[in-house]
Amino acid sequence: MEAAQRLIRTQFVFPLACLAAVGMVVISEGSHWRSVATLKRLGAMATASAGVQGLQQSILDAETGQRGYLLTGRAEQLAPYREALQDIASGFALLDAYYSAQPRSAAVLDKLHTLTMAKLSELAQSISRRGSGARGLGDLVVTDIDRQQLYAIRALASELLEHEAQRVEEGQNDLQRTLMISRIGVATLSAMCLLALYLYLQQTAALKAQQLTLKQTVQAERDRLEAEIKRRTAQLTELAHHLQTAREDERLRLARNLHDELGALLTSAKLDAARIKSRLAGTAPEALERLAHLVETLNQSIALGRSIIEDLRPSTLSNLGLVVTLEILAREFAERSNVQVVCKLSPVALDASAELMVYRLVQEAITNISKYAQAHQVWLDLGSQDGLVTVSVRDDGVGFDTSVEPTSAYGLLGMRYRVESEGGTLQVSSAPGQGTTLRVGLPASGASHGSLSGPSAGTLSGSSTASSPT
C-alpha cells in the first residue's frame, strides 16, 4: 500500500515539476526578449538624443568656422565649417531614418531641417562674399534675425529631446513592469520546482551505483596504465643497460686499437730514433739534440696514449680489482684538485658489468664535485652487508635543493637508469650549504671475484670542489 502511494505521489509530482520548469522557461525567455527589445529601443532613443545634440553643436561649429574665416580671410579657418556641414548632413540622415515612423516628431524635424538649411545658406553667402574680396565685416554683427533663428533651432531641438525623454521614461516603466512580472513568475515556479527534489532523491541510489561502476572502470584503467608505466620503465632500464654496454664495448675496442696499433707505432718510432741517435753519436750535435727532442715527444705521446687508454677502459679494474681502481681514481682526483678525499673501501662481490658501472658512477660523481660543489673534503665508501653492496660518495660542498628540478638533470637520470639496469637503487641527498651524498645499493653476486683487493681505508689530501647534479 505504501509503495503504491509513493508511486502515485511520484507520478503526480513529476508532471508538476515538468510543467513548472516549462513555465519558468517560458516566463524567463519572454521576459528576456521583451527586456532586450525595450533596451534596444532605449539605445535607439539615446542615439537619437545624441544626434539632436550633435546637430546643435555642428550648427554652432559651422557658424564659428564662418566667423573665423570672415575675420582672418585664411582658407584653413573653413576646415571646422566644412566638417560641421558633413556632420549636419549625417545627423539629419540619421534622424530622418529614426523619425520616419513617428509623424509628430517627424514634423518637428522638418521644421528644424528648414531652419538649419536657411542658416547654412546665410553662412555660405557670407563666406562667398568674403572670398570674392569684400571685407564683409557686417556679417560679423549678430542681428535679431540671427538670434531668432538660433533660438528657433534650439527650441525645435529641445522639443525633440523632450519627446525622446518622454519615450525613454515610458520604456523604463515598461522594463520595470517586465522585470516585476518575471520576478513574480520565477518565484512562483521556483516554489513548484522544489517538488522535483523528491525525484532527485529517488535517482540518488541509481547515481551512486553508476558512480561506483565508473570508479571501478577508472581504477581498472589506472591499474592498466601503471602496468604500462612499469613495462616502459623496464624497457628504458634495459635500454640504458644496452647503451652502457655498447658504449663500454666501443671504449674497449678503441682502447685495444690504441694499445695494439698506435702504441706499437709510437714504440717502433722511439726505437728507430734511438738507433739513429746511437749511430750519430759524436758526429752531429745539432741532429742529436733534435733526436733527443723527438724521443721526448714520443715518450709524451706514449704517455698520453696510455692515459687515454686508461680513461677509455681502466686496466686496473680487470687486473687489480675495484678497490684498487677506486683508490687510484681518488688519489688522482686529490692530487689534481687539492681536495681531501677520505676512502673507506672494502672488497665486495660484484659482476664485471656492475664493477664497471660503479667505477663510472664514482668517476662521474667526482667530476661533478670538481665542477660544481666547491667542497673541501670528499668521503668515498664501499662495502657490503647481508648480500647488499653499498657505494656512497659524499662531499661538504654547496649542495642543492632536491625539491627543485634542476635545469639539466640528465646526469642524475643517467646514473639512476644505469644503477637500475644492474638491479640496484640510487639515492641522492642534498640541501643548500650541506653538501651532497650519492648512495647506491646493489645486490652482491653469488661468488667473490678473484680480482678483489683487500680492505682499504685512508685519507688523500687536497682542497676545493664537490658534487652537484650533472
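Arginine 232 and glutamate 228 are joined through their side chains by a salt bridge, with N and O 3.0 Å apart; the term stands for a side-chain nitrogen of Lys or Arg within 4 Å of a carboxyl oxygen of Asp or Glu. The model is predicted: local features need pLDDT of at least 70, side-chain atom pairs count only at pLDDT 80 or more, and totals for chains, interfaces and linings use all residues. Residues are numbered from 1 along each chain as its sequence is written, and side-chain values use heavy atoms, with hydrogens and water left out.

Both residues of this pair lie in helix α5, 4 residues apart, about one turn of the helix. Salt bridges with shared partners link Glu228, Arg231 and Arg232 into one network. Arginine 232 is partly exposed at 45% relative accessibility, and glutamate 228 is partly exposed at 24%. Here buried means under 20% relative accessible area, exposed over 50%, and partly exposed in between (1.4 Å probe, protein chains only).

Helix α5 (residues 197-279) also holds arginine 224 and glutamate 221, 3 residues apart. Their salt bridge has its closest N and O atoms 2.6 Å apart.

## A pair in helix α4

The count of salt bridges comes to 5. One of them joins aspartate 174 to arginine 177, with the closest N and O atoms 3.5 Å apart. These two residues are separated by about one helical turn because they are 3 residues apart in helix α4 (residues 144-193). Aspartate 174 is buried at 10% relative accessibility, while arginine 177 is partly exposed at 48%.

## Helix α2

Helix α2 covers residues 79-98 and reaches 29 Å from its first C-alpha to its last, close to the 28 Å expected at 1.5 Å a residue. The expected span is 1.5 Å times one less than the number of residues. Helices (H or I, at least four residues) and strands (E, at least two) are DSSP runs, numbered from the N terminus.

The buried residues of α2 are Tyr81, Ala84, Ile88, Gly91, Phe92, Leu95 and Tyr98. They cover an arc of only 120° around the axis, so they lie on the same side of α2. The face turned away from that side carries the exposed residues Glu83, Gln86 and Ala97.

## Nonpolar cores

The largest nonpolar core has 38 residues, and Leu322, Val362 and Leu382 have the most contacts inside it. Such a core is a set of buried Ala, Val, Leu, Ile, Met, Phe, Trp, Tyr and Cys residues joined through side-chain atoms within 4.5 Å. Helix α9 gives the largest share of this core, 10 residues. A second, separate core of 26 residues includes Leu55, Phe92, Tyr98 and Ile153.

Note on methods
Arc of directions from axis to C-beta.
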